[in-house]
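Dear colleague,

Please find below the structure that I am handing over to you. My notes on its strand pairing and salt bridges follow.

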Amino acid sequence: MGFSLTKEQLIIQKTAREFARKELLPKAQQRDQKGEYPLDSLKKMAELGFLGMLVPKKYGGMEVDTVSYALALTEIAYACASTAVIMSVHNSLACGCILNHGTEEQKQKYLVPLAKGEYIGSFALSEPGAGSDPASMATTAKREGDYYILNGTKKWITGGATSYLFIVLAKTNPEHRHKGISAFIITRDMEGFVTGRKEEKMGLRASDTTEIIFDNCKVPAENLLGKEGEGFYVAMAGLDAGRIGIAAQSLGVGMAALDLAVEYSKQRVSSGKPICEHQGLRWMIADMALDVEAARLLVLNAAAKKDRNERCSKEVSMAKLYASEMANRVTASALQIHGGYGYTKKFPIERLYRDARAFTIYEGTSQIQKNIIANEVIGDKKKRKNNG
Ligand code: CAA
């Protein structure tokens with residue numbers, strides 16, 4: 001299936017590419033080494049509208065389609081994968097959950113500043129003992145008068161130390177699994193919100209991954225997002241969009257690794273000729289280019305399906321699975337082509353290789369994506385559940 005992009009989509013792609021290569025690329029290496037949060041770049045992205053891409057103009061957003069969003073995110077990731085994950089979680093999960101499930105008051109109060117990039121939003125689902133199986137979460141939210149009181153710990157939270165707003169999932173009815181979960185809009189200035197330990201990660205070092213703790217956190221009842229007991233559906237629908245973002249991020253990193261490998265292979269001479277003239281290496285590059293192109297088609301297909309408002313969990317999981325695994329294969333091959341130099345911090349391929357490692361893990365591991373694809377293709381999940 002071929003994709004012809006519209007004029008608007010091409011303009012967004014070009015704007016994102018120019019911004020990313022001029023603003024993010026020169027800073028990416030230092031930010032990775034120092035673990036520096038890209039605050040100044042995020043402010044510039046806000047001015048360009050990249051922090052409210054899917055949000056209607058009436059709420060301060062850019063109001064473009066998912067294909068445009070994926071194209072922009074790919075370009076941002078090409079230059080800096082850390083910035084891309086912040087952008088993805090903010091747009092798909094924080095803005096997305098409020099846009100699709102928030103009341104008008106919640107949209108005015110929280111979505112408008114999020115879309116304008118006045119602050120960054122995050123998503124808090126995972127816990128120390130509940131990652132792939134979020135329905136077994138232990139965080140509770142107990143209604144007391146006009147408030148919910150939250151207790152528990154959320155782990156692996158992108159922006160846990162830096163974001164202002166969090167979409168938080170907690171059990172309002174601990175007796176139940178997914179049907180006992182509710183979603184809340186929580187800001188870090190609420191009483192009982194505690195910033196926990198920041199992880200020391202191998203990659204994506206300019207984006208913090210930090211624990212957050214709710215210690216009798218007092219959340220106004222009007223910050224319940226959607227209905228009580230329906231939070232799991234809010235989270236799962238959010239992740240459908242979130243995974244398109246991670247797939248686009250993976251694609252951007254794969255593209256960057258391929259370009260670095262091609263560039264290096266033309267300069268590096270071995271046995272009297274540039275290494276790109278050795279057939280073994282040419283075949284490696286052909287395989288990498290094919291892998292990148294296959295991922296691109298899957299990402300655009302999933303985004304286009306979402307834009308048609310069709311059920312797209314299968315296509316989204318296929319794109320996320322393939323693109324994230326592709327980014328790992330392609331960065332590994334690109335590092336191999338760089339030889340010993342690729343193993344040093346002087347060459348950016350080393351950063352890309354480390355960054356890519358997260359893609360097959362967060363927002364649903366590769367194994368979880370396979371479960372989702374199999375459930376959709378075979379279509380027997382309900383029956384199996386009913387049969388115990
Ligand atoms: N949209 C809407 N509803 C959905 C849905 C979707 N995409 N997927 C599932 N549901 C619904 C089902 O229809 C079902 O509803 P009913 O019971 O009413 O029929 C309900 O949710 C439960 O579905 P399952 O029985 O399939 O759920 P399960 O308990 O077997 O769990 C899963 C399966 C939770 C979907 C699991 O496959 C999954 O996705 N795990 C990974 C979780 C994850 O991605 N975590 C990432 C954390 S976020 C993160 O990493 C962010 C970051 O900071 C980078």
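Helices (H or I, at least four residues) and strands (E, at least two) are DSSP runs, numbered from the N terminus, and two strands pair if DSSP finds at least two bridges between them. Please note that this is a predicted model, in which local features need pLDDT of at least 70 and side-chain atom pairs count only at pLDDT 80 or more, while totals for chains, interfaces and linings use all residues. Residues are numbered from 1 along each chain as its sequence is written, and side-chain values use heavy atoms, with hydrogens and water left out.

Strand pairing

Strand E2 (residues 140-144) pairs with strand E3 (residues 147-158) in the antiparallel sense, over five bridges. Within this pairing, Ala141 is opposite Leu150 in E3. Two residues lie between E2 and E3, which form a hairpin. Gly145, in the turn, has a positive phi of about 60°.

Salt bridges

Side chains of opposite charge can pair when their charged atoms come close. The criterion used here for a salt bridge is a side-chain nitrogen of Lys or Arg within 4 Å of a carboxyl oxygen of Asp or Glu. By that criterion, the structure holds 22 salt bridges.

One of them joins the side chains of Arg21 and Glu75, at 3.5 Å from N to O. For accessibility, buried means under 20% relative accessible area, exposed means over 50%, and partly exposed lies in between (1.4 Å probe, protein chains only). Arg21 is partly exposed at 32% relative accessibility, whereas Glu75 is buried at 1%.

A salt bridge also forms between the side chains of Arg177 and Asp133, at 2.9 Å from N to O. This pair links distant parts of the chain, 44 residues apart: Arg177 is in the loop between strand E4 (165-171) and strand E5 (181-187), and Asp133 is in the loop between strand E1 (121-124) and E2. Arg177 has a relative accessible area of 47% and is partly exposed; Asp133, at 35%, also counts as partly exposed.

Lys314 and Glu315 form a further salt bridge, with their closest N and O atoms 3.8 Å apart. Lys314 is partly exposed at 27%, and Glu315 is buried at 11%.

Finally, a network of salt bridges links Glu23, Lys27, Arg31, Asp40 and Lys44.

With kind regards
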